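Dear colleague,

I am passing on the structure below, together with some notes on what was found in it. Please read the notes with the model open beside you.

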Amino acid sequence: MPKLAESLETATVDRWLKKPGDYVEMYEPLCELITEKVSAELPSTARGVLVKVLAGDGETVKVGSAICLIETEEADAYAEIPGGALAAGLQPTEDAVRAAEREASDRPAASAARPAATGAAGQEMRQRYSPAVLKLAAEHGIDLARLAGTGMGGRITRADVLAAAASGGAAGSQPPAGSAASAAAAPPTASAPASPASAKPIEPMDPRVQVRSSGLHLSQSPRIPTIEVEGHEVPGRGEYFIDVTPIRNTIASRMRQSVTEIPHAWTMIEVDVTNLVVLRSKLKDEFKRTEGINLTYMPFLVKAAVGAIKDYPIMNSVWATDKIIVKRDINMALAVGTEDSVVTPVIKNADQKNIAGIAHEIDDLANRARHGKLKLDHMQGGTFTVNNTGSFGSILSQPIINYPQAAILTFESIVKRPVVINDMIGVRSMVNLCLSLDHRILDGVICGRFLQRVKENLESYSLDTKLY
């Protein structure tokens, strides 16, 4: 288990992408890890066969502990130490080395150069189908027993199934007797010419899927929780059971900790953002052309909140039982909703960035969050949280504080409504700002002044405001 962050001591194996007996290429993802609210793929730094999984799905493992054994073609005992320990550029611990050596010594000795597959072993390798292969075969009605595999040891790959499907299920298939074993017994070598079966049509990519390039991150969008339905015998009735994912479990734990330990109080202020609406309308098209991203209201809110925190630093603090710790760095956490969770990536040193810089940070972090590409570094160090609940049409909310911070601010929906200005009625763009506060640290007076300063900062935007 690699050390993904300085303060990280454990991580949870969400699910294994490979199973014992699978051949693993260099940098190929082995499993998905979950720590805090981040999911990340763990790539292998060794090429060989996954011999044994030592940490099952859902198991929490200490950093440096062995999670699997990989037998390389060189059969080097030290190469069998979990790829994860080396994936982050770390040396394996002595305990991990000893564990791997003990595990290796318990198995029959391997030859110096492990053959890909021969005879019955080759046939066994061919019949180990990955979930992706099984799913594709079922979708296209392909009989895997009649398919010739071009993978390691004659294993059937997704490309083999797709090629067979493209040719009407016949291409690449063969009689089940005799020839399968002979094909498996003659593994391809580096110098052998490519077989005709290897020239396969390229599968068109789903534009929604993010391509994994390198590093510890997901190659696909966050999964929607599995839902099982019971009670079909009663029309129109039944119960839905949703699996609690490790990320959802972490959220539940943090929310419970927040409302249990923090005495929440709540207050709201009304802000006239008419000038801000006019300013954004004027700049958004040009900003999109020059910067390539949308200019939303959030950068202006973050800038206004940062300015208010500078005037009232106590808002940027945490409770520490016998003392209050006021943070010097202003690291703004953003609440971002995905299909199955809410994450809070952090804009580090937000007080040192202009509006355009904050806009780029928000766009980058929001995209990473929605496509499962956040890393632990993106999630750590937040000192104050803002949430754009107005994007869902909300006009009033009472948010739960992002533990262990002192407060959280929501930016509600901008609504045009009549207001009284100098004894005259006018139609203005109005928005509510809702603040939840830790009443151990903050009181009504200081929070009222803080919200007034945020209000002043938002209402001070004009057509002369600079983004850079």
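A residue is called buried when its relative accessible area is under 20%, exposed when it is over 50%, and partly exposed in between (1.4 Å probe, protein chains only). This is a predicted model, in which local features need pLDDT of at least 70 and side-chain atom pairs count only at pLDDT 80 or more, while totals for chains, interfaces and linings use all residues. Residues are numbered from 1 along each chain as its sequence is written, and side-chain values use heavy atoms, with hydrogens and water left out.

On aromatic pairs (Phe, Tyr or Trp rings, the six-membered one for Trp, with centres within 6.5 Å; planes under 30 degrees apart are stacked, over 60 edge-to-face, the rest tilted), the count comes to 2. F300 and Y461 form an edge-to-face pair, with 5.3 Å from centre to centre and 80 degrees between the planes. This pair links distant parts of the chain, since F300 belongs to helix α9 (residues 298-311) and Y461 to the segment after α12 (444-459), 161 residues apart. F300 counts as buried, because its relative accessibility is 0%, and Y461 is buried as well, at 7%.

Turning to I400, this residue lies in the loop between β17 (384-387) and β18 (407-411); helices (H or I, at least four residues) and strands (E, at least two) are DSSP runs, numbered from the N terminus. I400 is partly exposed, as its relative accessible area is 35%. Leaving aside residues up to four places away in sequence, I400 touches M255, S258, V259, H264 and I408, where contact means heavy atoms within 4.5 Å. The C-alpha atoms of I400 and H264 are separated by 7.9 Å, although the two residues are 136 apart along the chain.
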